[in-house]
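Here are my notes for a first pass through this one. Have the structure open while you read.

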Amino acid sequence: RQLSSEKTAHRRRGRRPLAWKRLASVAVALSSLSVDTVQAACEEAGWRHLHDILTKAYLQTDYENEFLQDVAGLADQAPGMAWFKDNYQDCVEGFLSLILYYSIHNKGRQAALLDLASSAARELNPLALQSGLSTWPLFGLLDKLQLFWQAGQRVAPLATEPWRKASCPEPAPGLVSPLLSAVAAGTQGGVSPFSLVRGLRPGALVIDAGVFDGTDWSLFSVARGLTVIGFEPLETNRRLVDERFPEALLQLRPGSLYLPDGRPCRRHTLLPIVPGEPMPREPWAEVFASSGGGGSSSSSSLPACPIVAPTENEEGLGHTYIIGAALGERVRGLNMTTRYDYSSVADQGYLKGPKDMKKEEVGMTSLDEIFGRYLAASGRAPAHAIDVLKLDVEGYEMGALRGAEQLLAEGRVHYLILEFHPGMLGSTGTNPLGMLNFLRHYCFLCHSLKIDRPFTLEEFVARYTESVDVLPVQGLGAIEDLVCQNLAYRPPSHPLSPRGQREWPPEDPEASLD
């Protein structure tokens with residue numbers, strides 16, 4: 001934390017232009033190199049030596065000339081400068097620190113060096129850097145860097161301030177509750193967020209944002225007679241739904257994918273969205289058939305299985321409607337970076353993914369658009385409210401919540417399940433405490449499975465941000481699912497009113513990812 005504060009003395013020093021230009025050129029050359037084997041970051045003797053040099057440069061105002069000699073001396077010592085060139089990705093923190101120090105003393109190339117530093121910082125966790133968890137000096141220049149990216153493009157951070165009046169007269173308590181831990185302690189089989197599904201009435205509506213292959217929330221909800229509207233932007237993952245979801249459902253509920261006459265049928269419907277459009281082109285009234293759900297879809301030759309009501313001895317069977325778009329704060333087309341089975345709206349280079357990452361053009365829509373324009377306008381909305389809103393969107397939770405703010409303000413969401421991962425939230429510029437306060441404003445009290453007493457929101461966030469053990473500069477970090485309950489929830493007595501295109505709040509560079 002000492003090293004993360006401002007050190008203005010460095011800006012007042014003299015400089016040796018030729019020496020600094022030479023070293024800056026070396027730094028630029030380093031940025032184009034890569035390695036195949038990633039070792040433990042910064043543990044090699046060469047990196048430790050460089051760390052000593054840069055720390056001394058940070059703490060001593062009269063070290064500039066000696067610094068040049070010490071850095072130049074690295075080329076003559078083991079492991080030698082070639083080793084740093086070949087292995088800079090093993091210690092991106094060290095590389096970033098070196099570039100920032102160069103930028104102070106080479107004003108002619110400062111803009112280019114800071115741009116290079118921003119590119120290097122893409123491989124580090126923004127929130128960890130902002131929390132002062134880097135062990136390398138950043139010379140007070142962190143605010144000069146671009147830390148938030150999407151498909152290689154620079155973007156603004158997501159804001160967390162509520163923009164609407166809530167349905168509750170007072171915010172929910174500013175706490176995270178240990179209720180789930182207490183419940184789990186009294187049950188033999190344990191408790192998970194999936195436990196919510198067991199208590200929902202037949203036909204209850206579940207929103208599954210981040211479907212992937214459909215074998216978790218969509219699967220268990222359909223197997224218990226619930227209606228699911230899912231969101232999955234990637235075509236590859238939607239193909240996985242076609243492959244894996246039916247097989248998994250048959251294992252869970254044998255015979256569930258056959259009509260009474262023995263013909264096969266389906267319990268999932270894929271609804272593509274053209275990037276930049278707010279909703280599927282296939283009318284919801286045709287998709288959600290008057291026979292009680294299911295409906296037809298041009299994307300499948302199989303008929304939809306009818307919705308089955310529960311009996312005294314057996315649970316019902318539902319249907320999942322998977323919309324081919326990401327959930328976010330507004331309607332747009334965008335490029336998503338994908339790697340294996342992982343994807344996110346925001347770039348998360350600190351996870352050190354494979355080198356062959358791909359970009360895919362996808363659509364983004366919002367829950368307010370889907371409910372207000374697609375479902376309500378059809379006259380056949382499956383429900384007046386959302387019983388469970390599950391968000392697993394790899395750090396873009398605040399974007400999805402912003403796009404559901406009208407529903408939240410009207411009190412139409414009962415339970416919210418979200419992945420609380422400050423490291424990933426940081427990649428979108430989301431303040432984790434700000435997001436919890438956003439939920440508190442809209443009447444939500446969140447429960448945790450990992451605490452044994454109530455925590456204030458500040459205490460709870462600190463559990464995930466106070467050390468590199470839980471928030472590493474590179475790597476996944478600590479994570480858990482929160483179950484948040486709307487304390488003011490009452491089943492709505494009136495259906496959703498069809499709404500036209502609402503104006504997005506005035507452009508604000510701090511308010512959305514552009």
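1. Start with helix 2, which passes helix 5 in a left-handed crossing (the near helix is turned anticlockwise from the far one by less than a right angle). Helices here are DSSP runs of H or I, at least four residues, numbered from the N terminus.

2. Where they meet, helix 2 brings Trp 47, Leu 50, Leu 54 and Ala 57, and helix 5 brings Gly 94, Phe 95, Ser 97, Leu 98 and Tyr 101. Contact means heavy atoms within 4.5 Å.

3. A word on the source: this is a predicted model, with local features needing pLDDT of at least 70 and side-chain atom pairs pLDDT 80 or more, while totals for chains, interfaces and linings use all residues. Residues are numbered from 1 along each chain as its sequence is written, and side-chain values use heavy atoms, leaving out hydrogens and water.

4. Now look at Asp 387, which counts as buried because its relative accessibility is 8% (buried is under 20% relative accessible area, with a 1.4 Å probe and protein chains only). Leaving aside neighbours within four places in sequence, Asp 387 has contacts that include Ala 204, His 414 and Tyr 415. The side chain of Asp 387 also makes a polar contact with the side chain of Arg 201, at 3.2 Å (N or O atoms within 3.5 Å, one able to donate a hydrogen and the other to accept it).

5. Overall, 56% of the 514 residues are buried.

Note on methods: Buried means under 20% relative accessible area, exposed over 50%, partly exposed in between (1.4 Å probe, protein chains only). Helices (H or I, at least four residues) and strands (E, at least two) are DSSP runs, numbered from the N terminus.
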